[in-house]
Amino acid sequence: MATTMITTLDRSSRAAARGLSDISIRNLFIIPTVLFLIVFNIFPLIYSLGYSFTDFRASTNAPANFVGLQNYRDLLNDPYVWSNFAITAKYVIISVAGQLLVGFGVAMLLNRDIPLKGLLTTLLLLPMMLSMAVVGLFWKLLYDPSFGIINYALGLGTFEWLSDPKMALYAVALTDIWMWSPFVMLLSLAGLSAVPKHLYEAAAIDRAGPFYTFFRITLPLVAPILMIAVIFRTMEAFKTFDLAYILTSQPTTELISIRLYKMAFQEWQTGRSCALAYIVLIMVLAITNIYVKYLNKVKER
Amino acid sequence: MRKLVTSVLAGIGLTLACGTSVYAQEKSLTIFWAEWDPANYLQELGNEYEKETGVKITVETTPWSDFQTKAFTEFNAHGDAYDMVVGDSQWLGAGSTGGHYVDLTDFFNKHKLGEVMAPATVKYYAEYPGGSSKYWAIPLEGDAVGWSYRKDWFEDPKEKEAFKAKYGYDLDVPKDFKALRDIAEFFYRPDQKRYGIAIYTDNSYDAMAMGFENALFSYGGELGDYSTYKVDGFINSDKAVAALDAYKELYKFTPPGWAKSFFVEDNQAITENLAAMSMNYFAFFPSLINEASNPNAKNTGFFANPPGPGGDQFAALGGQGISIVSYSQKQEEATKFLEWFIKDETQKKWAALGGYTCSAAVLKSPEFQNATPYNKAFYETMFKVKDFWAVPEYAELLQQLNQRVYPYMIGGEGTAKETLDALAADWNATFKKYGRGQ
């Protein structure tokens with residue numbers, strides 16, 4: 001029963017003395033939030049669905065004409081949009097896989113008794129506390145072929161990280177990995193410290209090798225929390241805009257959100273961009289759903 | 001509960017009070033422009049206006065990259081945050097047909113601005129549709145793409161000798177596109193960290209288009225027919241194909257990492273000793289003769305965009321006109337400011353502050369032409385400029401140009417002919433979509 005979830009108000013409290021019942025307090029907290037959500041989330045969502053079936057352009061006075069599924073048809077037939085999706089998928093896979101590998105690896109290294117562990121962990125968390133735009137600007141300088149420190153340190157001469165069409169996407173993903181691996185590391189650390197010590201002791205007694213211990217004990221027990229990290233990072237990576245937009249403007253790094261931004265706010269094709277936004281929304285929902293299903297399965301084991 | 005209601009009401013009251021107090025200061029005007037030096041000069045000019053009339057002028061700026069987005073977001077919301085906007089020449093179509101700009105045709109005719117301002121500036125900064133004699137802006141900042149170069153590199157006797165030996169003619173300011181290419185090749189020395197030329201390649205707004213136009217127009221090519229919207233046989237003509245090839249050829253001699261460069265990078269090419277020649281808008285040249293911002297200021301020279309093989313000489317137009325926003329509450333006050341702005345003495349002051357006046361009389365005056373090392377090149381250029389499409393859907397046309405030309409220029413995909421044929425097809429489809437032409 002839903003109502004039993006709400007704890008009854010303490011009769012001696014000040015709120016009760018003012019004549020507020022627990023129901024009215026609940027309403028006081030929930031109704032503004034719900035209203036806020038409806039006004040700023042739900043309403044625009046439905047409104048833009050309507051626009052996605054029109055040829056509306058916010059920059060002109062021309063009335064919006066109903067065009068049915070024309071926008072969706074055009075978008076799904078546009079080879080550029082498909083290439084944007086392909087680029088986004090490639091970016092998500094590289095970036096999330098990289099973060100998982102680096103983040104989990106660092107967490108494994110940190111998951112032992114070492115001096116200054118707390119300080120080390122805090123320092124490692126710094127990248128994800130910076131703003132995306134600032135990271136983008138920093139890395140643009142770091143990657144610079146003429147005076148960038150990366151080429152200098154690696155002795156790559158004038159290697160063009162961001163102007164090489166083939167390399168640019170990897171360069172953006174690398175920056176994203178640098179920035180968000182700490183997030184995966186943090187979640188993994190929490191997962192790792194929750195693995196019961198006696199399991200390792202038992203494994204040691206049975207003379208299990210380190211690989212066996214890792215794949216049979218550590219990984220299965222940390223998997224659910226790793227899955228959560230993957231869900232978060234996939235959703236974020238799918239939406240990446242600022243980092244790629246600031247670092248480079250190669251056609252090979254035009255992620256779907258950049259395409260959407262250009263369509264909506266540079267070309268002012270409002271109707272069509274609403275349709276594209278819906279296509280993206282449906283894709284993100286679908287991917288997240290698959291993950292959540294899988295997560296539940298992992299948890300059941 | 002009553003207390004809550006009272007405090008909410010008090011809050012609303014306070015907000016309203018603050019709101020009305022803004023309206024009380026009627027003697028102020030806000031002009032919206034991009035963040036660059038000319039906007040600072042305009043602010044200084046505005047300060048003079050305040051001294052004379054007591055009307056406060058505020059020039060509000062935003063970085064170039066979101067100038068268009070921010071301005072149109074405000075227009076589309078019918079906001080009155082800006083009384084006037086110094087909009088890009090391509091915005092005329094969207095601004096006028098969208099109802100965002102006040103029709104200034106009467107103002108224009110009353111003050112005979114068609115004669116006062118240089119013809120190209122009237123055609124491209126003020127009139128829409130082309131040839132309609134309807135005006136939506138007053139030419140404010142004239143601008144076009146020109147070139148800066150390293151005089152010390154060009155005048156070095158050893159270099160001159162080596163150049164003559166290799167190419168058979170004297171090293172000097174390029175007389176045509178072929179010379180431009182040869183000099184770029186000559187100075188391209190990656191082992192010395194010296195490169196030939198800096199050009200526009202950024203594909204996020206109009207940089208790539210402006211750079212390519214410089215070659216296209218001088219090669220005698222056209223983007224299309226501005227009155228019939230016919231593009232086939234124009235943008236993919238043999239001349240246009242040759243122009244694109246010539247522009248791509250120049251990319252070979254640029255500094256490393258030159259795939260997202262616009263005005264900032266191109267000025268850096270001169271200040272950081274990277275390139276022998278650099279393409280840029282004249283509006284960015286003042287900082288090149290300033291020793292504080294350019295250590296090579298004394299050794300920097302300027303020239304107009306050279307002619308192509310057929311002898312045609314044109315340049316891509318930048319620059320902006322000032323328009324009154326139709327949602328402004330202070331249109332009368334704004335009109336008064338414009339009346340003051342077009343006066344001859346104001347135009348002279350504007351030029352002296354560093355603004356690029358469009359007044360034909362001031363442009364022609366020897367004092368203007370001798371004021372800086374680049375004013376003469378500017379004067380010459382302003383009478384042979386051409387611009388991009390100014391239709392409301394220009395941003396889509398730009399995007400299509402970027403989408404087609406960039407992969408060819410930077411990635412080397414396909415051929416120039418294929419690129420421009422595809423672009424012509426894209427543009428045809430777009431014009432058809434908006435019911436333009438036949």
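**View 1. Helix H2 of chain B lies across strands S1, S2 and S4 of chain B.** In this predicted model, helix H2 covers residues 37–53 of chain B, and the direction in which the helix runs makes an angle of about 170° with strand S2(B).

**View 2. Five strands of chain B form an open sheet.** The strands follow one another in the order S2-S1-S3-S10-S4, and their pairing is mixed. Strand S2 (56–62) and strand S4 (138–141) of chain B are the edge strands, each of which pairs on one side only. Neighbouring strands of this sheet are turned against each other by 30° on average, direction ignored.

**View 3. Strands S1 and S3 of chain B pair in the parallel sense.** Strand S1 (residues 28–34) and strand S3 (residues 84–88) are joined over two bridges, and B:Phe32 has B:Val85 in S3(B) as its bridge partner.

**View 4. Helices H10 and H13 of chain A pack at an angle of about 175°.** The axes of helix H10 (residues 210–239) and helix H13 (residues 270–300) are 9 Å apart. Because the angle is over 145 degrees, H10(A) counts as roughly antiparallel to H13(A). Among the residues that make the contact are A:Met227, A:Ile231 and A:Phe238 of H10(A), together with A:Ile287, A:Tyr291 and A:Leu295 of H13(A). By class, this contact has 13 nonpolar, two polar and one charged residues.

**View 5. Chain A is in contact with chain B.** Here 22 residues of chain A meet 26 residues of chain B. Helix H12 (residues 256–266) of chain A gives the largest share of the side of chain A that touches chain B, namely three residues. That side of chain A has eight nonpolar, ten polar and four charged residues.

Methods
Residues are numbered from 1 along each chain as its sequence is written. Chains are lettered from A and ligands numbered from 1 in the order in which they are written. This is a predicted model: local features need pLDDT of at least 70, side-chain atom pairs count only at pLDDT 80 or more; totals for chains, interfaces and linings use all residues. Two residues are in contact if their C-beta atoms, placed from the backbone, lie within 7 Å. Helices (H or I, at least four residues) and strands (E, at least two) are DSSP runs, numbered from the N terminus. Ala, Val, Leu, Ile, Met, Phe, Trp, Tyr, Cys and Pro count as nonpolar, Asp, Glu, Lys and Arg as charged, and the others, Gly among them, as polar. Two strands pair if DSSP finds at least two bridges between them. Axes are lines fitted to C-alpha atoms, for helices over the stretch in contact, and angles run from 0 to 180 degrees between N-to-C directions. Angles under 35 degrees count as roughly parallel, over 145 as roughly antiparallel, 65 to 115 as roughly perpendicular and the rest as oblique.
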